[in-house]
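Please read these points with the model open beside you. Look up each residue as it comes.

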Amino acid sequence: MNIDYLSLLVVLPILASIFLLILTSRLNGFARAKFDAPVRMAALIISLAMFMLTTLMFLGQIGDVGWSNIAFNTFEFQESYVWIEQLGITWTVGVDGLSFPMVWLTTLLMPITIIATWNEKSGATYFPLMLMLGGALIGVFVALDMFMFYVFWELTLIPMFFMILKWGGKDRKYAAQKFFIYTFTASVVMLLGLLTMYFLMDTQTFNMQEMVVQASGANANGVWLGLEVQKVLFIMLMLGFLVKLPAAPFHTWLPDAHVQAPTGGSMMLAGVMLKMGAYGMFRLPISLFPHALEEFRFIVMMIGLVSLVWGAIVCLGQTNLKKMVAYSSVSHMGVILLGIASMQPLGWAAALFMMFAHGIISPMLFAVCGAFKHHYHSMEIGAMRGMAKHSPWLATSMMFGWMASLGLPLLAGFVAELMLMVAYWHAYGWWIIFPGLVLAITAAYYLWSMQRTIFEGGEATQPPESLHGDPVPDIDNSEKIAMLLLAAFTVLFGIMPWIFLDMMDMWTRSAMAFLGLGGA
Amino acid sequence: MSAQNGFNSDMFEALAPELTLFVGLLLIMIVPNLGNGTFRIPGTSIRLPWFFGGTRYKAVASPRLPGLLAVLTMAVALFQVICYLLDASAADGKVISSENGIEIFKVNMFSRIFEAIFFAALLLAAIASLDRLPTGSQKSDDIDVLFNNRRQADFYILMLTSALGMSVVALAQDMFVLFVGLELASFSTYVLVAFHKETRAGSEGGAKYFIVGSVASAVGLYGLSMLYLWAGSLQFDVLAAKWAADGATSLSMMALGFVLVGFAFKISAAPFHFAAPDAYSGANSPVAGVLATASKAMGMLGLMRVLLLITIPEMDAEGSAIWIGLLGVLAAVTMTWGNIAALGSDNPKRMLAYSSVAHAGYMLAALTAIGAWNWGLVDNAGDAMDVVVAALIFHMFVLVFFKLGAFLILGVLEMEGGASRLSSLAGLGKREPLLAIAMFLFMISLAGVPPMAGFLSKLLVIMGIVEVATGTGSLSSIGDAHWVWWLALLMVINSAISMFYYLRVGVVMYFHEPEEGRKGPLASGASIRIAIALCAIGTVAFGLVGGELIELCRDAAESLR
């Protein structure tokens, strides 16, 4: 039986979410609250089914794909249907070594996020939005048609906008709008770039695979579309992705969005949505305009370095736990740009693995922040000390997450950072001082924040007044399960990174060879 | 293409939708007046039943009857137009001429698809008006006045006459006929805007709209007289031939400029847009929606006819149309002005009016690109024009759904007592989740977020501009592209700016607490909700599967040439 699994992964959660939203939208107040539990269960079952599906795909039970042998620009599970015939727009899906880890990660995070935010209020609306977000994200990763890619790219904004707006913190109104407008602005510029490119092509196509073939054919004997044009288009496309990533100086939407977003929103935002930017860079501008990348290599490196250093330094000054974690995301995303700019297969693989590892670790950080807020009614570092005594589970999770983010060996983040350092040394030599320095800064702010939350000391040892003297509870069982799962995967991919690193490595090597770049 | 002289059965067949409107018009005038009135033969005491006046029959005294008749008429006319569109091909066309061979009307896909836009907008507005109340807060005795049968009849008669006027504009092959149709439609809309004369906003908006509109019409008429002086005829093909032979002269240029003013007012392009926000906020919402969709499409139609049929350069010649610079500036100013003004308006209707100005700017940008169509692409000159015109038609077609839909949502709020502040929308997400979702869909569609129809239309417009600008496809730098490319860039930047005020509506609906005295679900108005549902379905459906409509628009665009 020939089932189009990838389209199923995209369409199923979106349709389910629309169905659930419409089903409960006519109900008000009390009647609606009764639907929270069944809707949540439905969302969990659907997302678990999706996770099962991608895992079986990976294990070869479905499709029997040799994942570590997928060369650049070949795709598995490829399916194509006509969508808008008159414009040559198709619904084309497929996965390769670049996109599959992201698809798997999305399906992994969806059930974990649902579990971690099990008791979110107005669940009858919240969980369907989570499903819609997941479907749209997978749509971005599997789309092989430029139009489809853009549609899903924008579609991810809508559920996230509502999640921030409805379940967010005090300044959610400002944050939600800022988030939407920043991303939208960048992506319309990207859209104009895509369309300009479309009309400059010899054979006009929206199909990314054909585009890459066409571009590389021309790039082999010269510069596709001419260097000047290639540079302008590269900038226009990169702008869209850099804002999403986000890289300095376009990162200012991220701390606002993160701090105001509900825990589940932050987990998905940091876990997968930021990676859309990095994914898009690899998929479009880098694959299409390698000459422009070579031209702008140093600038990309500088943007990455500024994000890395600036993000880390700003972290040092934060007193808000969630804001600190948000800026640490900016810092880590800078690493991806450094990996790209190293122009080494190893550096690219490091960037890809960074996307993946950060996708597992950062949701854990935000889950910890969410639990902290939930139980101590505050996000201020130092507002509550002695967590190890009151909430040992939370303290342990926090320490684990912080250490993973710091790059402790045997945890997933370490693998990516080590690979990056090696590649960066090869490419830029003594510039390595800066990322090296950042490691020290990172250790500083993480240790500082742990010291002020986990351990006792000072007057803030007592639980905050908003608890009215009640004993401080430890985290809920659902939160425990989610954090355990995330921790388990962090260890798994720290010890056995090759599970996904193999296919990433294959992708980067063949991509570099295909594009005629770097030291391949 | 067959020419037809004089009146005969063929003509009736070709003009079936217009005749339907005409019959409907007569019915609305006659049916509500039927009664048991009698006529006394003079000098005798014999009274003959005369059926007019007296006590009206129960069946025809219903205040809803004129509305139902109008909806029925419009639905039949729309059905006829759609049947024609599905049946016809781009090469079809039927010319209706006078006895001495002067072309008056031409029925082809291009004119018919515009009629479909007009009728769809008016039909939705008529459905929505079936059980609506006036703008502003009204005392209950005023409501009786407004629900009075005769006054309802006036409202729908004006709707039908504006439909008739618009279809005359769509069909016209002669500038003068076009002008007559334009005035018929304009006068109907002037009165419709001022229809709620009891409210201050209604009469103010109506008066402003009337004064500015008639000045624009007068200038246009003056331009027409100069065109006649120049060419000796107002036929499109005669004018086009004369333009091709003589090129631009100062007289013809000036005449053309004056004519354009008339149309620019209709599409509310800057700097002729000043009356629009007042008119929209004074009129009741369905009427404002008609102004923003059908009336605007009519102005755009006029612009296309004049700019594309008369003054476009020869297809195989290099170079661009003479008006390209002027129109480009106008487009840039219009879209930017509209968006910036919309940012600062707290009245949602004024906001929508300015967003309508911005959309006029986008459409003008696309027209500007057509002016550059010969630039570097002699091998496929004409194709680009088809693409851009098709994009414009598609844009105006889908605009009916989300622009009118947004106005209709405000219309629901008006029933509760006004929608003149953004805060009237507050809490809609809790009070009426489905209406709030629909409004949000309309807003993001206006902003051009996929997968809504507004995205597809904006995509098509930008694609048209970029296709023209990139020409034959070999550029050494972006600076070598035609400058209309920068209009596309301005357009996407403007889209981003517009996101601010569209999103604000969503934020207000979901974030703010309802205003004092507004609680719970809104008054039910089944008909307006049906119209909103139709709009929402259209907005999503044409965004997801707009292929067939694009095909239709392309055929229509092809039949313009």
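1. Start with A:Asn73. It lies in the loop between α3 (36-59) and β1 (76-84) of chain A. Helices here are DSSP runs of H or I with at least four residues, strands are runs of E with at least two, and both are numbered from the N terminus. A:Asn73 is not a glycine, yet its phi is positive, about 65°. Most residues other than glycine have a negative phi. A:Asn73 is also buried, with a relative accessible area of 10%. Buried means under 20% relative accessible area, exposed means over 50%, and partly exposed is in between (1.4 Å probe, protein chains only).

2. A word on ground rules. This is a predicted model, in which local features need pLDDT of at least 70, side-chain atom pairs count only at pLDDT 80 or more, and totals for chains, interfaces and linings use all residues. Residues are numbered from 1 along each chain as its sequence is written, chains are lettered from A and ligands numbered from 1 in the order in which they are written, and side-chain values use heavy atoms, with hydrogens and water left out.

3. Now check A:Leu225. This residue is not a glycine either, and its phi is positive at about 70°. Find it in the loop between α9 (208-220) and α10 of chain A. Its relative accessible area is 15%, so A:Leu225 is buried.

4. Two cis peptide bonds deserve a look. Most peptide bonds are trans. In chain A, a cis bond joins A:Leu245 and A:Pro246, with omega about -10°. A:Pro246 sits in the loop between α10 (227-244) and α11 (253-260) of chain A. In chain B, the bond from B:Ala270 to B:Pro271 is cis, with omega near 0°. B:Pro271 belongs to the loop between α11 (250-266) and α12 (275-282) of chain B.

5. Next, the aromatic rings. Rings of Phe, Tyr and Trp (its six-membered ring) pair if their centres lie within 6.5 Å; planes under 30 degrees apart are stacked, over 60 edge-to-face, and the rest tilted. That rule gives 66 aromatic pairs over all chains. A:Trp83 and A:Trp91 form an edge-to-face pair, at 5.8 Å centre to centre and 65° between the planes. A:Trp83 is buried at 18% relative accessible area, and A:Trp91 is buried at 15%. B:Phe155 and B:Tyr156 have ring centres 5.2 Å apart and planes at 85°, so that pair is edge-to-face. Both B:Phe155 and B:Tyr156 are buried.

6. Chain A also holds an aromatic cluster. Its members include A:Tyr5, A:Phe51, A:Trp67, A:Trp104 and A:Phe500.

7. Which charges sit over rings? The test is NZ of Lys or CZ of Arg within 6 Å of the ring centre and within 35 degrees of the ring normal. A:Arg40 lies over the face of A:Trp118, 4.3 Å from the ring centre. A:Lys244 has its charged end over the ring of A:Trp153, 5.5 Å from the centre.

8. Finish with chain B as a whole. It has 22 helices and five strands. Its radius of gyration is 24 Å, close to the 24 Å that the globule rule gives for 561 residues, so chain B is as compact as a globular protein of that length. That radius is taken over C-alpha atoms, and the rule is 2.2 Å times the number of residues to the power 0.38. The C-alpha trace spans about 85 × 65 × 40 Å along its principal axes. Of the 561 residues of chain B, 63% count as buried.
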